[in-house]
Amino acid sequence: MQPTNEPMKPCFMIAAPMSGSGKTTIARGLMALYASRGMAVQPFKCGPDYIDTKFHASVCGRPSINLDTFMATPEHVCQLFVRYGANADISIVEGMMGLFDGYDRDRGSSSEIARLLGLPVVLVVDARSAAYSMAALLSGFIHFREDVHIAGVIFNKVSSARHYKMLTQVCDDLGITSFGYLPKSDALEQQSRYLGLDFSDTAMPHQLVSLLESHVDWEGLRSLCPTAPISHGAAYARRDTPRLVVARNEESFSFIYQEALDAFQHVVSFDPETEAPSLAEGDLLYLPGGYPEKHLEALTKNEAAMTAIRLFAEHGGRVVAECGGMMYLCKSIVDDTGEYPMCGVLPYSITARKQDRKLSLGYRRFMLDGKEYRGHEFHYTQFLGMPPESITQVYNAKGEPVDTPLFRYKNVLASYTHLYHLL
């Protein structure tokens, strides 16, 4: 890999010692703050999350890009960061879980992304009921990995100005910058609790932006840049790919990795709740995941879409169906109100009843036709009755076999796994 000769632009990672510290709230709030100042903000998300990226995009007005060292090579991650940040004024990367939490110790963690890209890390720390004890916590994070640059701290849920002054004494003694704090707020805590669970309201609370503007040194954060020029491989070029038709909806079909779409030169989208796809102009139909179980009546009523998809599949059309998209292709989906007919391409029924909910979560990889595919699985729904037989063994990140089936019907490839690359 060769370092880029382009001047380094402001960028930093918002990370945390552990989940629930408030990094998503603060990252999204800072994105909104800079965007409100007329800046082009490029959002990124560490790991396989396809929910936080939706909230990033809603405030930045541009797609949020996943940076993941399990699903992609280090070279590819560097290329993504350089390519998508090229025409932005500032890039903000939101970490995942705790800074050093990965699929195998710190492999695949936010810290690995920070090391790879030379990103300065700003730790969001929940300061409730703590003062000078923060010194031990922060000292551990600062010195645990010398190749991870902790540039500063933002304290969250600070009870008063006096409380914050005590916390700044910690930073003074450790020689680390405090970029400010977010006061404790019941309203913000409630909003944060439901962030990512309800897609119907992606608006940014004005209160959050105002508080960050008043209590955080957002101008100082703009001085943060990579510790060295970012290395990247050959320039990105789209291949001569098939024409893609993709189902897209804010909630029922929305779990999409932007890079999966950007690999195609020609992409046409349609909403399965309200539109019928024009499949005559497409070579590959992509049905991504989401929450179709929340919109069963609307999907059932749009018979034109289901008929077009069923005919396309039955006549040998190429289809990739992931999670919610796979559910849509099945015979029916059952929830607590009844059974709803779907496309009927696959002879299975899916249960979304509360009594049947079971979390399936984690990285996935498998070999198919001599090629390795990687992705992520996250769902509560299950097959009703016996699941289909898998055409290949699926493994988790540690190489352990899992019972997630990958199956085919004619030219339909279906699974609960969200693939990072479709081809």
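Tutor: We begin with handedness. A crossing is left-handed if the near helix is turned anticlockwise from the far one by less than a right angle, and right-handed if clockwise. The model before us is predicted, and in it α1 passes α2 in a right-handed crossing.

Student: What angle and what axis distance describe the packing of helix α1 and helix α2?

Tutor: In general, two packed helices are described by the angle between their axes and the distance between the axes. Here helix α1 (residues 23-36) packs on helix α2 (residues 52-60) at an angle of about 20 degrees, and their axes are 8 Å apart. That angle makes α1 roughly parallel to α2, because angles under 35 degrees count as roughly parallel.

Student: Which residues of α1 and α2 meet?

Tutor: From α1 come Thr24, Arg28, Met31, Ala32 and Ala35, which meet Asp52, Phe55, His56, Ser58, Val59 and Cys60 of α2. By class, the contact of α1 with α2 has six nonpolar, three polar and two charged residues.

Student: How is the pair α5 and α6 arranged?

Tutor: Helix α5 (residues 134-144) and helix α6 (residues 161-174) have axes that come within 10 Å and cross at roughly 40 degrees. That makes α5 oblique to α6. The crossing of α5 past α6 is right-handed. Met134, Ala135, Leu138, Ser139 and Ile142 in α5 meet Leu167, Val170 and Leu174 in α6. The residues of this contact divide into seven nonpolar, one polar and no charged.

Student: How many cavities of 30 Å³ or more does the whole structure have, and what lines the second largest cavity?

Tutor: The search finds three cavities of 30 Å³ or more. The second largest cavity has a volume of about 40 Å³, and its lining residues include Val320, Glu322, Phe366, Leu413 and Ser415. Strands β13 (318-322) and β23 (412-415) are the elements that give two or more residues to this lining. By class, the lining of the second largest cavity has seven nonpolar, two polar and one charged residues.

Terms used
Residues numbered from 1 in each chain as written. Predicted model: local features only at pLDDT ≥ 70, side-chain atom pairs only at ≥ 80, totals over all residues. Heavy atoms only, no water. Axes fitted to C-alpha atoms, helices over the stretch in contact; angles between N-to-C directions. Helix = DSSP H or I, 4+ residues; strand = E, 2+ residues; numbered from the N terminus. Parallel < 35°, antiparallel > 145°, perpendicular 65-115°, else oblique. Contact = heavy atoms within 4.5 Å. Nonpolar A, V, L, I, M, F, W, Y, C, P; charged D, E, K, R; others polar. 1 Å grid on protein atoms, 1.4 Å probe; cavity = no way out; pocket = protein on both sides within 12 Å on 5 of 7 lines; lining within 4 Å. Points joined across faces, edges and corners; volume = space filled by probe spheres on them.
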